[in-house]
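Biologist: Please take me through this structure one question at a time, and give the cut-offs behind each term as we go.

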Amino acid sequence: MSKTSRRVSMMFLVIVLAGIPCLAQGAGRTCEPTGTWLGGSDPSGIPGYQMTVTCEAAGRYMVVYQSVYDPGTHFTVWTGELRKEDAQIYSQYAASTLFINQDLSDFYLQNFGIQVAPGSIEVDGIYTHVVMLDCNTIQSTISWFGWYVPITADKIPFVTLPEIEFIRDVLGGQPIVEIYHRVGPDCPICGSPGKAASRGSVNKKAVPKWHSR
């Protein structure tokens, strides 16, 4: 193969690779946020959320947060997007929809003077500054947390002002800082027998169905 043909082939390869999502992120990239993460804002360090990050395109990622908290009413998962700003630095938005029951209606009236009819729909939105501290640790700083109570056709999350800005109105401007740890993909303990064998056998019939895969 001639030098010219070799050069053309290399240029073609670079163009193809650059078009593949998540490969065209620029030189110097050392970590990648795609994967499953556990963490949240609980001061005790117990995970409150499971976060899944999926690649969309170069420098853009779909984010889904599954909460383990039960607010006592129906709410959707948090969904949004990570956008790469610099090496290991991202901006993020996410939103969730909440059904307002009588308890929430009373809460808003008593604490904020807002009258909301039970059965209305609320939309919450967060804007976050994300830093990958290392390849397996993410620090997420929530600087804006808006509550649209209730959502109406003329309100657009992140564009129009919400009834309540939680960071400003409740926390006095103090941001919420969360830490997330990567789950896998390596499992250094999976190849060892561990200590489970010394505890004796378990009655398989007593194992809950959601654990007996």
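Modeller: A disulfide, as the word is used here, is a pair of cysteine sulfur atoms within 2.5 Å. The model is predicted, and so local features need pLDDT of at least 70 and side-chain atom pairs count only at pLDDT 80 or more, whereas totals for chains, interfaces and linings use all residues. Residues are numbered from 1 along each chain as its sequence is written, and side-chain values use heavy atoms, with hydrogens and water left out.

Biologist: What is the handedness of the disulfide of cysteine 187 and cysteine 190?

Modeller: The sulfur atoms of cysteine 187 and cysteine 190 lie 1.7 Å apart in the model. Cysteine 187 is partly exposed at 37% relative accessibility, while cysteine 190 reaches 56% and counts as exposed (buried means under 20% relative accessible area, exposed over 50%, and partly exposed in between, with a 1.4 Å probe and protein chains only). Because the torsion about the S-S bond is about 80 degrees, this disulfide is right-handed.

Biologist: How many residues apart in sequence are the parts that cysteine 31 and cysteine 135 tie together?

Modeller: A search of the whole structure finds two disulfides, and one of them joins cysteine 31 to cysteine 135 with an S to S distance of 2.1 Å and a left-handed torsion of -80 degrees. Cysteine 31 sits in the loop between helix 1 (3-18) and strand 1 (35-40), and cysteine 135 in the loop between strand 6 (121-134) and strand 7, so the parts tied together are separated in sequence by 104 residues.

Biologist: Is cysteine 31 buried or exposed?

Modeller: Its partner in the disulfide, cysteine 135, is partly exposed, with a relative accessibility of 31%. Cysteine 31 has a relative accessibility of 7%, so this residue counts as buried.

Biologist: What pattern does the protein follow when read along the sequence?

Modeller: Helices (H or I, at least four residues) and strands (E, at least two) are DSSP runs, numbered from the N terminus. The protein has three helices and nine strands. Read along the sequence, these follow the pattern α-β-β-β-β-β-α-β-β-β-α-β.

Biologist: How many of the residues of strand 7 are buried?

Modeller: For the protein as a whole, 31% of the 213 residues count as buried. Strand 7 (137-148) is mostly covered, and of its 12 residues the number buried is 10.

Biologist: Over how many bridges do strand 6 and strand 7 pair?

Modeller: Two strands pair if DSSP finds at least two bridges between them. A hairpin joins strand 6 to strand 7 through two residues, and methionine 132 stands opposite isoleucine 138 in strand 7. The pairing of strand 6 and strand 7 is antiparallel, and the number of bridges is 11.

Biologist: Which residue in strand 9 stands opposite isoleucine 138?

Modeller: Strand 7 and strand 9 (residues 176-183) pair in the antiparallel sense over six bridges. In strand 9 the residue opposite isoleucine 138 is tyrosine 180.

Biologist: Which residue in strand 8 is the bridge partner of tryptophan 147?

Modeller: Strand 7 and strand 8 run antiparallel and are joined by two bridges. The partner of tryptophan 147 in strand 8 is isoleucine 164.

Biologist: How far is the C-alpha atom of glutamine 139 from that of histidine 181?

Modeller: Glutamine 139 lies in strand 7 and is partly exposed, with a relative accessible area of 27%. Leaving out residues up to four places away in sequence, glutamine 139 has contacts (heavy atoms within 4.5 Å) that include Val131, Leu133, Val177 and Ile179. Glutamine 139 and histidine 181 are 42 residues apart along the chain, and their C-alpha atoms are separated by 9.1 Å.

Biologist: Which residues are linked with Arg60 in a network of salt bridges?

Modeller: A salt bridge is a side-chain nitrogen of Lys or Arg within 4 Å of a carboxyl oxygen of Asp or Glu, and by this rule the count comes to five. Glutamate 81 and arginine 83 form one of them, with the closest N and O atoms 2.6 Å apart; glutamate 81 is buried at 4% relative accessibility, whereas arginine 83 is partly exposed at 41%. The residues in the network with Arg60 are Glu81 and Arg83.

Biologist: Which residue meets glutamate 163 in a salt bridge?

Modeller: Glutamate 163 is partly exposed, with a relative accessible area of 31%. At an N to O distance of 2.6 Å, its salt-bridge partner is lysine 155.
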